Amino acid sequence: MAQATINAKANEGRFCRSSSMADRSSRLLESLAQLELRVEALREAASAIEQEKEILLEMIHSIQNSQDMRQISDGERKELNLTANRLMRRTLTVEVSVETIRNPQQQESLKQATRIIDDVVNKFLDDLENAKSHLMSLYSACSSEVPLGPVDQKFQSIVIGCALEDQEKIKRRLETLLRNIENSDKAIKLLEHSKGASSKKLQQNAENRFNYVLRNCITSDEGAL
């Protein structure tokens, strides 16, 4: 009897995890797991909004500088540009920022990848054709599909070292740049055609379009990475 009393006192103060505490812990863990799913869904939705904003801005730019826009009257063009500018301003009022968590190695890889792309972009005005070929090799390095041309192996190893979200942004930026170059090719053809035409206004419009597209190649991707 005395020994039982001693043992009981010895157990006093010890932490005993009851079944109710275990159930409570399990419920909390389940709640956190459900919240994690919602957090990831929130990030995905925000990223989708970021991409939609980029697409909308690019489409508005495209309409403003399209061939159809040049083939209407000055009054109609002015009215349409006013609408396009209004849409542009409203689109820019939407601010969404999704931060990517990176370790030091991923941060350095992102800096290297961004620097390589920037170097190519800065050469657009000097040699557009070579810049396009270089961008294609960079894009092939990011693509999971069978590349149609050469792959920049060094760039590929750098991109692999980036966070997954950054890999997607790098690929998306390259896609945008290649589209802009394609538009600049069309602008060059229009410029060559207009030089042989008698309309000075047509030639001026073509030159403005060409210069705009090249500027857009450099500036459209700001903030992408």
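**Entry 1: Glu-44**

I started with Glu-44, and I found this residue in helix H2, which covers residues 19–64. Helices here are DSSP runs of H or I with at least four residues, strands are runs of E with at least two, and both are numbered from the N terminus. Before going on, I noted that this is a predicted model, where local features need pLDDT of at least 70, side-chain atom pairs count only at pLDDT 80 or more, and totals for chains, interfaces and linings use all residues. I also jotted down that residues are numbered from 1 along each chain as its sequence is written, and that side-chain values use heavy atoms, with hydrogens and water left out.

Is Glu-44 buried or exposed? Glu-44 counts as exposed because its relative accessibility is 57%. My cut-offs, with a 1.4 Å probe and protein chains only, are under 20% relative accessible area for buried, over 50% for exposed, and partly exposed in between. I then checked Val-98, which is 54 residues from Glu-44 along the chain, and got 9.0 Å between the two C-alpha atoms.

With a relative accessible area of 41%, Glu-52 is partly exposed. Its C-alpha atom is 9.8 Å from that of Thr-91, and 39 residues separate the pair along the chain.

Next I looked up Lys-169, which sits in helix H8. I got a relative accessible area of 16% for Lys-169, so this lysine is buried. From Lys-169 to Gln-51 I count 118 residues in sequence, but 9.5 Å in space, C-alpha to C-alpha.

**Entry 2: the whole chain**

How many helices and strands does the protein chain have? I found nine helices and zero strands. Along the sequence, that reads as α-α-α-α-α-α-α-α-α. The protein chain has 225 residues, and 29% of them count as buried.

I looked at contacts as well (heavy atoms within 4.5 Å). Taking the contacts in the protein chain with a separation of 6 or more, 69% come from residues 24 or more positions apart.

**Entry 3: the nonpolar core**

I searched for nonpolar cores, meaning sets of buried Ala, Val, Leu, Ile, Met, Phe, Trp, Tyr and Cys residues joined through side-chain atoms within 4.5 Å. The largest one has 22 residues, and Ile-117, Phe-124, Leu-135, Leu-138, Phe-155, Ile-170 and Leu-174 have the most contacts inside it. Two or more residues of this core come from each of helix H5 (104–121), helix H6 (128–142), helix H7 (153–160) and helix H8 (164–195). My class note says that nonpolar side chains tend to be buried together in soluble globular proteins.

**Entry 4: how H6 packs**

I took H5 and H6 as a pair and found an angle of about 160 degrees, with the axes 9 Å apart. For this, axes are lines fitted to C-alpha atoms, for helices over the stretch in contact, and angles run from 0 to 180 degrees between N-to-C directions. H5 and H6 are therefore roughly antiparallel. The scale is under 35 degrees for roughly parallel, over 145 for roughly antiparallel, 65 to 115 for roughly perpendicular, and oblique for the rest. Ile-116, Ile-117 and Val-120 of H5 make the contact with Ala-131, His-134, Leu-135 and Leu-138 of H6.

Then I turned to H6 and H7, which pack at about 45 degrees with their axes 8 Å apart. That makes H6 and H7 oblique to each other. Which residues meet here? Leu-138, Ala-141 and Cys-142 in H6 meet Phe-155, Gln-156 and Val-159 in H7.

**Entry 5: cysteines**

Last, I looked for disulfides (a pair of cysteine sulfur atoms within 2.5 Å) and found zero. Cys-142 is in no disulfide, and its nearest cysteine sulfur, that of Cys-162, is 8.7 Å away. Cys-142 counts as buried at 16% relative accessibility. Cys-162 is in no disulfide either, and at 4% relative accessibility this cysteine counts as buried.
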